[in-house]
Amino acid sequence: MINHRLCIWTTVFGFVLTFSSFFVGAQFPFPSPDHDAAYIGEFYRTHTNNIRLMATFVMIGGGLTTPVAAVLGHHIRRIKDASSLAYLEIGSGCVGGLVLCIAGFAWAAAAFRPERDPVVTQALHDVGWLV
């Protein structure tokens with residue numbers, strides 16, 4: 001039971017870390033999709049370290065959101081004839097955390113070389129938000 005509570009509180013911490021990272025990365029309020037490539041490129045040049053930190057926090061937070069899927073899968077597995085649903089829950093929870101990690105990787109890649117062509121930076125920025 002203590003392990004289950006630890007997993008649930010780890011997930012809560014993961015969500016708090018993920019959503020608070022947008023304040024660190026100067027991404028809140030969320031950027032408008034109407035911004036052109038020059039604006040996005042300049043934004044990444046002026047906020048490079050903040051965006052890198054935000055991407056790191058999003059990736060860590062994404063990984064920390066998955067333990068609740070293990071807890072839910074454990075309890076679903078106790079239901080008669082529901083073991084396949086338990087595996088589905090665990091898999092879905094892991095994929096959800098992976099999606100956050102992929103978005104963080106896209107933002108980190110965009111902030112890795114802020115001096116590159118703004119069109120490439122905008123494309124990576126958009127991939128991060130669309131994932």
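**Entry 1: terms and ground rules**

I count two residues as in contact when heavy atoms of theirs lie within 4.5 Å. With that cut-off I looked at contacts in the chain between residues at least 6 apart in sequence, and found that 73% of them join residues at least 24 apart. I note that this is a predicted model, in which local features need pLDDT of at least 70 and side-chain atom pairs count only at pLDDT 80 or more, while totals for chains, interfaces and linings use all residues. I number residues from 1 along each chain as its sequence is written, and side-chain values use heavy atoms, with hydrogens and water left out.

**Entry 2: the chain as a whole**

I looked up the secondary structure, taking helices (H or I, at least four residues) and strands (E, at least two) as DSSP runs numbered from the N terminus, and the chain comes to six helices and zero strands. The radius of gyration, taken over C-alpha atoms, is set against a globule rule of 2.2 Å times the number of residues to the power 0.38. For this chain the radius is 18 Å, well over the 14 Å that the rule gives for 131 residues, so the chain is more spread out than a compact globule. The C-alpha trace spans about 55 × 25 × 20 Å along its principal axes.

I call a residue buried under 20% relative accessible area, exposed over 50% and partly exposed in between (1.4 Å probe, protein chains only), and by this count buried residues make up 33% of the 131 residues. Accessible areas come from the Shrake-Rupley method with a 1.4 Å probe, and for residues only the protein chains shown count as cover. The accessible surface of the chain comes to about 7,900 Å², of which 69% belongs to carbon and sulfur atoms.

**Entry 3: helices α1 and α5**

I compared helix lengths with an expected span of 1.5 Å times one less than the number of residues. The 23 residues of α1 should span 33 Å, and its end C-alpha atoms are 32 Å apart, which agrees. Helix α5 (residues 83-112) has 30 residues and reaches 43 Å from its first C-alpha to its last, close to the 44 Å expected.

Which residues of α1 are buried? I found H4, T11, G14, L17, T18, S21 and F22, and what covers them includes α3, α4, α5 and α6. In α5 the buried residues include G93, G97, C101, G104 and W107, and the buried residues of this helix pack against α1 (2-24), α2 (37-46), α3 (48-64), α4 (67-77) and α6 (118-130).

I then picked out T18, which lies in helix α1 and counts as buried at 2% relative accessibility. Its side chain reaches the backbone oxygen of G14 at 2.8 Å; I take a polar contact as a pair of N or O atoms within 3.5 Å, where within protein one must be able to donate a hydrogen and the other to accept it, and residues adjacent in sequence count only if both atoms are side-chain atoms. Leaving aside neighbours within four places in sequence, T18 is in contact with F57, V58, G61, G62 and L100.

**Entry 4: aromatic rings**

Rings of Phe, Tyr and Trp (its six-membered ring) pair if their centres lie within 6.5 Å, and planes under 30 degrees apart count as stacked, over 60 as edge-to-face and the rest as tilted. The structure holds nine aromatic pairs, including the stacked pair of Y39 and F43, at 6.5 Å centre to centre with 20 degrees between the planes. Being four residues apart in helix α2, Y39 and F43 are separated by about one helical turn. Y39 is partly exposed at 40% relative accessible area, whereas F43 counts as buried at 14%. Elsewhere I found that ring pairs link F15, F19, F22, F30, W107 and W129 into a cluster.

**Entry 5: further residues**

The phi of D81 is near 60 degrees, a positive value in a residue other than glycine.
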